[in-house]
Amino acid sequence: MTSNPFGVNLTLLPALVPPDYGAYAQVIIDEGIKIVETAGNSPGPVIKKLKTADCIILHKCTTIRHAQSAVKLGVDFLSIDGFECAGHVGESDITNFVLLSRARQSLKVPFIASGGFADGQGLAAALSLGAEGINMGTRFMCTVEAPIHHNIKQAIVDAQETDTALVLRRWKNTSRLFRNKVTEGALEVERTSTTGKFEEIAPFVSGKRGRQVFLNGDKDFGVSTPTHIRCIMKVLYSFILGMDCWTSHRFNP
């Protein structure tokens, strides 16, 4: 797809059938990939393995305590994820205004800001708080080039800021998901389950089912993780989005 350098993500999370993360790390090394983003549980063994191949490692954190631990493990820079982010938000519920300020005060390595950023004004705010840049995920889903169904892009544009929900808190794996029929079903199981067994909610939060949403265009088919909705007003070409972020952050400091 490209001859240019690229990075990969390796997310370490609880799973019914845990992946062989060491094998994944070895494939990354064998393929000559030099930039790796890690997230989730403590990445110590993975970092140690990747560092033997001189990989540059970015680790995503939702608390300063975890960020400081990651620095001790040898990560090169950090992604500080506020409570606004999509997907796994952690269990501390700290928003970016507080978290980024604490990161600026406490960390000795560079960091970027993640969660709830969709335009140049957000970039300017993150830079003011001490970040070197921002992550934008959902915003790039709503670009012409994004290889997902247009119905999903339009659903994100049409949604309100209240159209996300937190699920899996009962299992300390809290995730922010797009609010739809499947998400509501998952929340009902979480509220009413008398056993607390993850197997009861697993069919609702299946990643395989969620991936199909982006292909078939049915927003109620499975769970998905867009955030910062309602701040995304239209589908753009990526280069126009980039120019908009650059110019609006330059002229609206």
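Predicted model: local features only at pLDDT ≥ 70, side-chain atom pairs only at ≥ 80, totals over all residues.
We may begin with the parallel sheet. Five strands make up an open sheet, arranged in the order β1-β2-β3-β4-β6 with parallel pairing. The edge positions are taken by β1 (7-12) and β6 (111-114); each has a single partner strand, so one side of each is left without a neighbour in the sheet. From one strand to the next, the twist averages 20°. At the β6 end of the order, strand β4 (residues 77-81) is joined to β6 by 4 bridges in the parallel sense. Within this part of the sheet, Leu 78 has Phe 111 of β6 standing opposite.

A further open sheet is built from 3 strands in the order β5-β8-β7, and here the pairing is antiparallel. Its edges are β5 (87-88) and β7 (164-167), and because each pairs with a single partner strand, one side of each lacks a neighbour in the sheet. The antiparallel link between β5 and strand β8 (residues 175-178) consists of 2 bridges. Here Gly 87 is found opposite Arg 176 in β8. Helix α8 (residues 181-192) lies across β7 and β8, with a direction at about 35° to that of β7.

Beyond its neighbours within four places in sequence, Val 46 makes contact with Leu 10, Leu 12, Tyr 21, Ala 25 and Thr 38. For one of these, Tyr 21, the C-alpha atom is separated from that of Val 46 by 7.2 Å, although the two residues are 25 apart along the chain.

Searching the whole structure gives 1 cavity of 30 Å³ or more, and the volume of the largest cavity is about 40 Å³. Its lining is formed by Ile 152, Ala 155, Ile 156, Phe 178, Val 213, Lys 219, Ser 224 and Pro 226. Helix α7 (residues 150-158) supplies the largest share of this lining, with 3 residues. By class, the lining comprises 6 nonpolar residues, 1 polar residue and 1 charged residue.

Asp 54 has a positive phi of about 60° although it is not a glycine, and its place is in the loop between α2 and β3 (56-61). With 61% relative accessibility, Asp 54 counts as exposed, because exposed means over 50%. Leu 168, likewise not a glycine, has a positive phi of about 70° and lies in the loop between β7 and β8. At 6% relative accessibility, Leu 168 counts as buried, whereas Asp 54 counts as exposed.

Conventions
Residues numbered from 1 in each chain as written. Heavy atoms only, no water. 1 Å grid on protein atoms, 1.4 Å probe; cavity = no way out; pocket = protein on both sides within 12 Å on 5 of 7 lines; lining within 4 Å. Points joined across faces, edges and corners; volume = space filled by probe spheres on them. Nonpolar A, V, L, I, M, F, W, Y, C, P; charged D, E, K, R; others polar. Pairing = 2+ DSSP bridges. Contact = heavy atoms within 4.5 Å. Axes fitted to C-alpha atoms, helices over the stretch in contact; angles between N-to-C directions. Buried < 20%, exposed > 50% of the residue type's maximum accessible area, 1.4 Å probe, protein only.
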